[in-house]
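Here is a short briefing to read beside the model on your screen. Take a look at the structure, and then let us walk through it topic by topic.

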Amino acid sequence: MAAEATTTRQIAMVLDLNKCIGCQTCTVACKKLWNTDTGSGYAYWNNVETLPGAGYPRNWTGSGGRTATGEVKTGKVPNLDDEYGRAWSFNHEEVRARSGEGASKPWLRPDKPPRWGANWDEDRGAGDYPAENHYFYLPRLCNHCTHPACLDACPRHAIEKRGEDGIVLVDQDRCHGYRFCVEACPYKKVYFDPQRQVTTKCIFCLPRLEEGVAPACARQCPGRLRFVGYLDDEDGPIWKLVHGFGVALPLHPEFGLGPNVYYVPPTGPPRLDEKGRPTGQPRIPTSYLVELFGERVHEALGTLERERAKRRRGEASELMDLLIAYDWNRSFALDSGTREVL
Amino acid sequence: MASPERTSGWQLDRRRFLKLSGLAAAAAAGGLPLFHLREEAVAAAIADGAARNPARLGTWEDLYRQRWSWDRIARGTHGWLNCRSACNFDLYVKDGVVVREEQTANYAASEPGVPDFNPRGCQKGACYTEVMYGPGRLSVPLKRVGERGGGKWQQIPWDQALAEIAEKLVAIAEKDGTDSIIHDLGPHFDHGPTTAARGRFFGLMGATLSDDWAEIGDLNHGATLTFGFPHVGGGSDEWFLSDYLVVWMMNPAVTQIPDAHFLFEAKYDGAELVVIDPQYSATAVHADQWIPIRPGTDAALALATARHIWDSGAIDLPYVREQTDLPILVRLDSGRFLTGADLRDGGDAERVFVWDPGGGGPVPAPGCLGNGEQPRLDMGTFDPPIEGRFSVKLADGTEAGVVPVGSLLREQLESWTFERAAEVTGLAAEQIEQFAGGFARAERPMVLSSWGSNRFFHSDLMNRAKILCLSLKGAVGRKGSGYHSTGWIETGGIGFGEHTGLRGRLALFMNMDPGMLFDLAVQRVRGRISAQRLTWELAGEMGEDLACLSNAASLNLAYQGIAEDLDREQAGLYPRPLTEYDREAREKDWMPVFPRERARAWVTGGNNVLRRSNLPQRSLEHMWPGLELIVDVNPKFTFTGMHADYLLPAAGYYEKRGIKYAVAYIPYLHYCDAAVPPLGESKNEWEIFWKLAQEVQRAARERGTPVLDGCGKGPVDLKKIGDVFSFHGEFGPDDTEQVTQTILDNAETTKGMTVRALEQTGVEKYKGAGGPGGQPQLFNDDWKGEGVLRACTHFTEAKWPWPTRTGRQQFYVDHPWFLEAGEALPTHIESPKAGGDFPFQLISCHARWSIHSIWRDDPMMLRLQRGEPCLYLNPRDGEKVAIPDGEWAEVSNRVGRVYMRVKYSTMVRPGVAYYFHAWEPYQFPNHQSYKWVTPGLMNPLHFAGREGQLRWRFGVWEPGTHVQDTRVDIKPGRPEGLAPAEGA
């Protein structure tokens, strides 16, 4: 894989799921900045889904990726209405103009009955109330993988993994819109723009990064759960969370792509027993978290609990300090001024 | 502004920025920590306000670079929203349009060891541009043609619109009295020129000013009964300091998005987070304890917790003796407080007593309403008992048994064992014990209780009981603990009268004039009266006695056509029908109700009354036809606007100057700049009402309108209103900068702030928390902008009395209505079944996706939901009623029938149906929302007045409506007007 050989540094992001409140400010921040055109109306480079759930696009897991030997697998292109959800149009003008027409008057609603959307599963979750019902929020963006399947799948060689920061980009001039990359990405984070007949994806807010400004999804996150920096910066929050404390884990490591977006796994209130008494058991089944984040989740959850216990006893914990993000600006450890400003 | 360092960051020019980058490089070479310098550089890169327009368009990457470019950055916020957050935003202006917005994030940490406030915001604030330029925006004046609500409009010039409206207003004022014109203050207001203009115009008109705080269900009656005021609490970063955080009837992860992080960060800092909610809410998912309580039974949980605190010895006795009414003596024969009038002829009926164990008799309680000689709460040399039974000799020579409130309370709590509470709440006794144990052991317990905690018929009892748990622990008014129900910081106004500043004749609500308050305060203090009497009398002088203030609930009861519905729905709940309580309250002048005779004109300032009220079908049937003029001044085309006569387009939030209302969660003043000119023909409200005042003056002069008697509270001369409005030419229609500056100059909390500086920074930290006399009250005399902002130290540290009858946190209410109803002490009463005995409890929640109806019909937001209103059901209930996820439900009870699509969620408790509120009725079939099935009960006890803290005050004590007791039937049902292919 050529990309690996030439990448000297890797930019990365850590998301602390214990602070995510599903507010979707990241989704909107990204959408407003990059995807307001007609052809990208349905596309959310960043989305937040409620898990357990089918997500966005619907049932995205398990299509594409790599085989055990590293070959790129053919997947499918999700359907616009059934799996992504079209950017519905609404009838504001008709509703106002025909508001006097008695029982037959139209009401404001999507032009076609929606079948799915980017947040269709919001707050649904799983399990019986109140003993074991559970859910949590999972924000997702392109993982800017170390071994990107999209890159290898492109017959046009239109996808590049940048040497200086490891950002994966679709060359908008070279792309012919074949959509092999959409098929190959097991996270379904490459989007086809039917208007422009090219595929697009998260650019890690490249222009902002060039100015030392964190991506919009991270810098606009009021939950303060995102950290951005270089994976090899041992003084930065990323290295500490990923390698130092080992509490930040990649999503679906078994896909074999080496994702560079990491998650601090979620915890929640304990399960109740059949009589409503609190048990010591986690409400989110750990087996489910293993499915998402792999076996290392056990160790990560253990570390989180141990460090929090220190704080309960009034002892110091660098990990807790880091996750509290006292001085929020320090969540972003970026180079500034790689391009001249203004 | 956040800090001196940040200030320099904003003002960096390019040369200095480059120099700073060089410094950073040098620092890196020397191995110094770089974080701070990077932060400065980032601030400079995007926050110096200068243009960023990459000239080159050489590669496809440059297309992306062009998207992140701008001509200018202005500072702004969403100042007219009724959103309890305030967030500084950068507004990116390109080619005369605000293309996007992003948080400025220039707040500092309040003190070392506490996380900072950055980067406040939410998904709605991050796309207000979608609303401002969206399909719901009004941009030209419109006049109805044809039937009201018929959807036919004609565009007319501003001059014509204002002249026609003015002539109608003058004619109505002459014919039916000025108070027949109703201005519903509504939720669409800032603390700047908009509200000043609206308040000033309608105040000068002698119009009815309707306060809907309680009517929308936001008023914390329980807190007013206990503390004497409803809005309690300081900065949201105080949450971080608690070691036992109890989120009790609140969902900050959805409704307080910019502040929620402090909860989860407190967890990391070692605190325990408890969420008490029937819903497994977005806040509950992060809790250590989730307590899935049966809706409406929170008082039972609190009473069992209070009992445990008392029994386990966790009660803070010195605090309780000094700060609460537990030592105050109550007569066993009458249930009323023992007063001075009981003990001797001509004694003061407002003087209450504690027992002096040394002297063996009752002594006046320091700080009580009738005790001006001992103005502070210090007990001095003895500890009054909170339990016991004593005998006193009354003025008539008879003996009477008296007991401290504590004895009555202890007896009341006796039956609230964990087991009994378990039975009532549906929780396991073990879970209650775990919660109560944690509460009792905590050093700094804190309860967060939102405005939404007031929407049950018996919410007052719930909140009284919740506060009791805290007060027994000595937690209220101590740092890092206590009760957070959203405090307010006092800001200035410009008054309603002839003059600005200290000479203003009348200041009110947001237009309170602190100088006048001070003068009056001095006079009152010389008269040696208690602090709470001073406050109440001032409130009378400032508002009740001079303006036509009404509470919206009483107004609705009088005119909306709902009296019959409510008497039926509330039959048997209290000794008498609701309308009897209302009648008595009016006869005794406890609750002012305006208009006195009829409602003839309804002028909204952007509030959406037909969306908001319960049973809007009654308004449309009974009230609307009698209105001769309905005007909506609004940036948005609302459901109420659909049923109006004139629509006047107000400027969007980024198109006018304003000050975001001053909620204490974030102790910074937030300024909104006019980043771009108003869209189309829209205008800011200051200009609109300035011009309307001139038109009213012209019309009155032409008609020779006599001086009218207002609403009986002073003469109204409409022939002068234009001159007076403009302060005789001191402020012109375009002078919003001067108006804003005057408002800043008029309050101690904002003194020294300038509009010019705020244009650069967007925010500035308040200089103080406001005086104790104002309506917005934090009761912290010492906070001057440094450290975490906390509330109620005025009582707990300076020992001034609480503004209650006893001068203490009061758990015993001896008003005859309360005694008769058995609610003298906090207790649990079952939620009544409003709408009939149906299987589902219909519960309203504030939405993640809108602030009231703003953003509700915005396509970008709707695409991140399901595009239509949803009724949330537990999947098991959905199966039971045979309605699959996404299909239509018919939701009905004895007052109405509406249609909503069902959404399954496991966060929902079986037997409950949730909706997330503020959908416009035109988003439902037949344009009928869940409000058509919501009776909106009114608790009759809240009509009580003129006794201690039970005293009508704007936004402090007044009757309201309660929606959470609504019961409905849910069946498969398909609205008319659906194509066959569209679902079940």
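Over which residues of chain B does pLDDT stay under 50? The stretch is residues 498-517 of chain B, for which the model still has 71 contacts beyond four places in sequence. Here pLDDT is the predictor's confidence in each residue, from 0 to 100, and two residues are in contact if their C-beta atoms, placed from the backbone, lie within 7 Å. This is a predicted model: local features need pLDDT of at least 70 and side-chain atom pairs count only at pLDDT 80 or more, while totals for chains, interfaces and linings use all residues. Residues are numbered from 1 along each chain as its sequence is written, and chains are lettered from A and ligands numbered from 1 in the order in which they are written.

**Confidence**

- The pLDDT of chain B averages 89, and 89% of the residues score at least 70.
- Residues 523-527 of chain B also have a pLDDT below 50, and this stretch has 4 contacts beyond near neighbours in sequence.
- Where pLDDT is low, predicted coordinates should not be read in detail.
- For the complex, the predictor gives an ipTM of 0.97 and a pTM of 0.94.

**The two chains**

- Chain A has 12 helices and 13 strands; helices (H or I, at least four residues) and strands (E, at least two) are DSSP runs, numbered from the N terminus.
- The radius of gyration of chain A, taken over C-alpha atoms, is 21 Å, close to the 20 Å that the globule rule gives for 342 residues, so chain A is as compact as a globular protein of that length. The globule rule is 2.2 Å times the number of residues to the power 0.38.
- Along its principal axes, the C-alpha trace of chain A spans about 65 × 60 × 45 Å.
- Of the 342 residues of chain A, 58% are buried; a residue is buried if 20 or more other C-beta atoms lie within 10 Å of its own, exposed if 12 or fewer, and partly exposed in between, with C-beta atoms placed from the backbone.
- Chain B has 33 helices and 30 strands, and 65% of its 984 residues are buried.

**Where the chains meet**

- The contact between the chains takes 86 residues from chain A and 93 residues from chain B.
- On the side of chain A that touches chain B, the elements giving two or more residues include helix H2 (25-34), helix H11 (297-312) and helix H12 (318-324).
- H2(A) gives the largest share of that side, 7 residues.
- By class, that side of chain A has 41 nonpolar, 23 polar and 22 charged residues. Ala, Val, Leu, Ile, Met, Phe, Trp, Tyr, Cys and Pro count as nonpolar, Asp, Glu, Lys and Arg as charged, and the others, Gly among them, as polar.

**The interior**

- The largest nonpolar core has 399 residues, and Cys150(A), Leu241(A) and Leu245(B) have the most contacts inside it. Such a core is a set of buried Ala, Val, Leu, Ile, Met, Phe, Trp, Tyr and Cys residues joined through C-beta atoms within 7 Å.
- Leaving aside neighbours within four places in sequence, Cys150(A) contacts Ile159(A), Val168(A), Cys181(A), Ala184(A), Cys185(A) and Val190(A).
- Helix H9 (residues 237-244) of chain A is mostly covered, with 6 of its 8 residues buried. Leu241(A) is one of these buried residues, and so is Trp239(A).
- Among the elements covering the buried residues of H9(A) are strand E1 (11-16) and strand E8 (226-230) of chain A.

**Backbone features to check**

- The peptide bond from Tyr56(A) to Pro57(A) is cis, with omega near -10°, and Pro57(A) sits in the loop between strand E2 (47-51) and helix H3 (80-84) of chain A.
- Another cis peptide bond joins Phe594(B) and Pro595(B), with omega about -5°.
- Asp123(A) is not a glycine, yet has a positive phi of about 60°; Asp123(A) is buried, with 26 other C-beta atoms within 10 Å.
- Phe779(B) has a positive phi near 55° and lies in the loop between E24 and H30 of chain B.
- Lys767(B) is found in the loop between strand E24 (763-765) and helix H30 (793-796) of chain B. With 17 C-beta neighbours inside 10 Å, Lys767(B) counts as partly exposed.
- Lys767(B) and Thr749(B) are 18 residues apart in sequence but 4.6 Å apart in space, C-alpha to C-alpha.
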